[in-house]
Amino acid sequence: MKKIVLILLIGIVFLQGCTNIEDHIEWYQSKESAIENGIEKEGLDKSAILAVEEINGETIIFYEMYMEAENLSAFGIAIIKENNHSYSWYRPSAYFGFEATDSDYMLAGTNIKTPRKQEISVVIGRVCDNTIKSVVLSGDGQERELDISGKGRLFYSIHKAPFTHLKIQPLR
């Protein structure tokens, strides 16, 4: 009898530890509500959103966290998860921070995995030189001009080519 009780207790503890994190996610009736609440939980306002894009059936939000006192800008990526016509904010990675430096611009690359198991490659950057008005991305098909957005002067682009093939040309 003691063995059965011990096995039951171990089983209960095991099951308790395996509770699905999905139970702790807040779901909303619309994508817009999920975005509004996600931004609020991040401690930001709507002006932090750089873009909301639909990519391969996924809603991806690109946004900025800027701390003026530290002259620090961070780039955030969130995805709206969908479940039975309910929506939730999901951040698949940490912020990408850019501290001001003496260089003209800074560049980073990341791959994010969506809830639907798609992998999306993103190049992210920050322009530090105020004379730079935009940047041109090449190495991923046709050249394209990227907008510099937000207080932190951030830019980004989704790409398919390997990060090492990408080139950024600042335009003054």
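Beyond the residues up to four places away in sequence, Phe62 touches Ala48, Ile49, Leu50, Ala51, Glu53, Phe75, Gly76, Ile77, Val122, Tyr156 and Ile158; contact means heavy atoms within 4.5 Å. The model is predicted: local features need pLDDT of at least 70 and side-chain atom pairs count only at pLDDT 80 or more, while totals for chains, interfaces and linings use all residues. Residues are numbered from 1 along each chain as its sequence is written, and side-chain values use heavy atoms, with hydrogens and water left out.

The largest nonpolar core has 17 residues, of which Ile60, Phe62, Phe75, Ile77, Phe98, Val122 and Ile124 touch the most other members. A nonpolar core is a set of buried Ala, Val, Leu, Ile, Met, Phe, Trp, Tyr and Cys residues joined through side-chain atoms within 4.5 Å. Two or more residues of this core come from each of strands E1 (49-55), E2 (58-67), E3 (72-83), E5 (96-99), E6, E7 and E10. Strands (E, at least two residues) are DSSP runs, numbered from the N terminus. A second, separate core of eleven residues includes Ile132, Val135, Leu137 and Leu146.

## The three-stranded sheet

Strands E6, E7 and E10 form an open sheet in that order, with antiparallel pairing; two strands pair if DSSP finds at least two bridges between them. E6 (105-113) and E10 (154-159) are the edge strands, each pairing on one side only. Neighbouring strands of the sheet are turned by 20 degrees against each other on average, direction ignored; axes are lines fitted to C-alpha atoms, and angles run from 0 to 180 degrees between N-to-C directions. Nine bridges join E6 to the antiparallel strand E7 (residues 119-127).

## Tyr105

Tyr105 lies in strand E6 and stands opposite Val127 in E7. Tyr105 is partly exposed because its relative accessibility is 27%, the classes being buried under 20%, exposed over 50% and partly exposed in between (1.4 Å probe, protein chains only).

Cys128 is 23 residues from Tyr105 in sequence, with 5.2 Å from C-alpha to C-alpha. The Tyr105 side chain also reaches the backbone oxygen of Ile168 at 3.3 Å.

## Ser134

Ser134 is part of strand E8 (residues 134-138). With a relative accessible area of 7%, Ser134 is buried. Not counting residues up to four places away in sequence, Ser134 touches Glu145, Leu146, Ile148, Gln169, Pro170 and Leu171.

The side chains of Ser134 and Glu145 are joined by a polar contact of 2.6 Å. A polar contact is a pair of N or O atoms within 3.5 Å; within protein, one must be able to donate a hydrogen and the other to accept it, and residues adjacent in sequence count only if both atoms are side-chain atoms.

Key:
Helices (H or I, at least four residues) and strands (E, at least two) are DSSP runs, numbered from the N terminus.
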